[in-house]
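Work through the exercises below with the sequence and the 3D view open. Try each task before reading its solution.

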Amino acid sequence: EKNGYDHFMLKEIFEQPKALEKTMTGRLNKEAKQVEFEELNWTHEQIKNWNKISIVACGTAYHAGLIGKHVIEELTRIPVEVEVASEFRYRNPIIDEKTLVIVVSQSGETADTLAALRQSQHLGAHVLAITNVVGSSIAREADEVILTMAGPEIAVASTKAYTTQVLSFYLLGIYLSEAKGTLNDEFKEQLVEAITAIPEKIEEILEHTKGIQWYGESIKDADSVFFLGRGADHAVSLEGSLKLKEISYIHSEAYAAGELKHGTLALIEEGTPVVALMTQEAVSEKMLGNIKEVKARGAQVLGIAVEGDMKIWDYVDETCFIPAAFSILTPLLTVIPLQLIAYYTSLALGNDVDKPRNLAKSVTVE
Ligand code: F6R
């Protein structure tokens, strides 16, 4: 069952390149360099009618939605809000026929997400589900479904479901941009090509995990770990922080790096582990400034940066380089070391990696 891996989580982390390939198949047309979704029966008129997109989900699926917001807004200029389902369903959300609601759920059975779906339909919105399970309640009740092709996910900590959800948002963003006319052909083609190359780049990361393993082990006695980033790096670091909490039971937080000065910096002391993501070109100088700020307070910094971007080198204790990619696509790469850090920390602590305490794989009661 575990295919020679010690845990399902590790197996599922290593399955990500394949899971992404499968999710692209039939949707990402490599020859025509465009995105096709046979399962979506939308007209351009219908798409143009939506003045807002609301993404609703829980936990890791919510974190995929946060990347989705960056991607869809960037590619289509349609305003996107993202909310956890347990908040959305109890607060009289502003949703109507002009809203596309996207619910994201690996299992397709999460109670709060299902309730949000029903409420959205009741309010007249059109609901698209991104889910991994055919025939699940959410898949059956949604107006449209994009099926992620991650295959069964056994470990409680979600990994390959997240990356296939994130991929679905890239594909959807490109697809919606056709109706909106927001992307020029050249950029669209480059983006399609770059997405095609992602599975190989993940393979490259997975070939060199020694440094990450060492880092994961080195933080096992920490009281608290901080994840810092800006833009999409912040969104992905929320997921890294959740993974670590979930299976290592170490307290951790992800902060938008620009927020440091507004309170968090007080928590940094000699030896505090900080994982700093610096892959967003437009804000990399700003991020470097934040790294210097925590370093000056004695933080032990692991910098995650894009290959060739050597300016981080002098200011961190350890570095993990990911293969070069468009800034918008780096979450699919940076999340890999973050998943592995959580895995190796949990392993070093002797925890039950696949079945962390207090948690269930599918949350069908609220
Ligand atoms: C974390 C994790 C959970 C789920 C959440 C939603 O690793 O797995 O946070 O993401 O319970 O579950 P689904 O996606 O099945 O709706």
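The model is predicted, so local features need pLDDT of at least 70 and side-chain atom pairs count only at pLDDT 80 or more, while totals for chains, interfaces and linings use all residues. Residues are numbered from 1 along each chain as its sequence is written, and side-chain values use heavy atoms, with hydrogens and water left out.

**Exercise 1.** Find the residues that surround the ligand and sort them by kind.

Solution. Thirteen is the count to reach: 13 residues surround the ligand, and the closest are Ser 105, Gln 106, Ser 107, Thr 110 and Glu 246. Step two: sort the shell into four nonpolar, seven polar and two charged residues. Here Ala, Val, Leu, Ile, Met, Phe, Trp, Tyr, Cys and Pro count as nonpolar, Asp, Glu, Lys and Arg as charged, and the others, Gly among them, as polar. Step three: look for helices (DSSP runs of H or I, at least four residues, numbered from the N terminus). Both α4 (59-76) and α12 (232-248) supply at least two residues of the shell, and α4 gives the largest share, three residues.

**Exercise 2.** Which backbone atoms lie 2.9 Å and 3.2 Å from an oxygen atom of the ligand?

Solution. Use the cut-off for a polar contact, a pair of N or O atoms within 3.5 Å. At 2.9 Å there is a backbone N or O atom of Ser 158; at 3.2 Å there is one of Val 156. A polar backbone atom of Thr 60 is 3.1 Å from a ligand oxygen. As for cover, the protein hides 88% of the 410 Å² of accessible area that the ligand has on its own (Shrake-Rupley method, 1.4 Å probe).

**Exercise 3.** Describe the pocket that holds the ligand.

Solution. Begin with the term: on a 1 Å grid over the protein atoms alone, a pocket is an open set of points where a 1.4 Å probe fits, with protein on both sides within 12 Å along at least five of seven lines; lining residues have an atom within 4 Å of a point. The ligand sits in the largest pocket, meaning that more than half of its atoms lie within 2 Å of the grid points. Next, the lining: 28 residues, with Cys 58, Gly 59, Thr 60, Lys 361 and Val 363 nearest the centre. Two or more lining residues come from each of α4, β5 (99-105), α6 (111-122) and α12, where a strand such as β5 is a DSSP run of E, at least two residues.

Notes: A residue is near a molecule or strand if one of its heavy atoms lies within 4 Å of it. A polar contact is a pair of N or O atoms within 3.5 Å; within protein, one must be able to donate a hydrogen and the other to accept it, and residues adjacent in sequence count only if both atoms are side-chain atoms.
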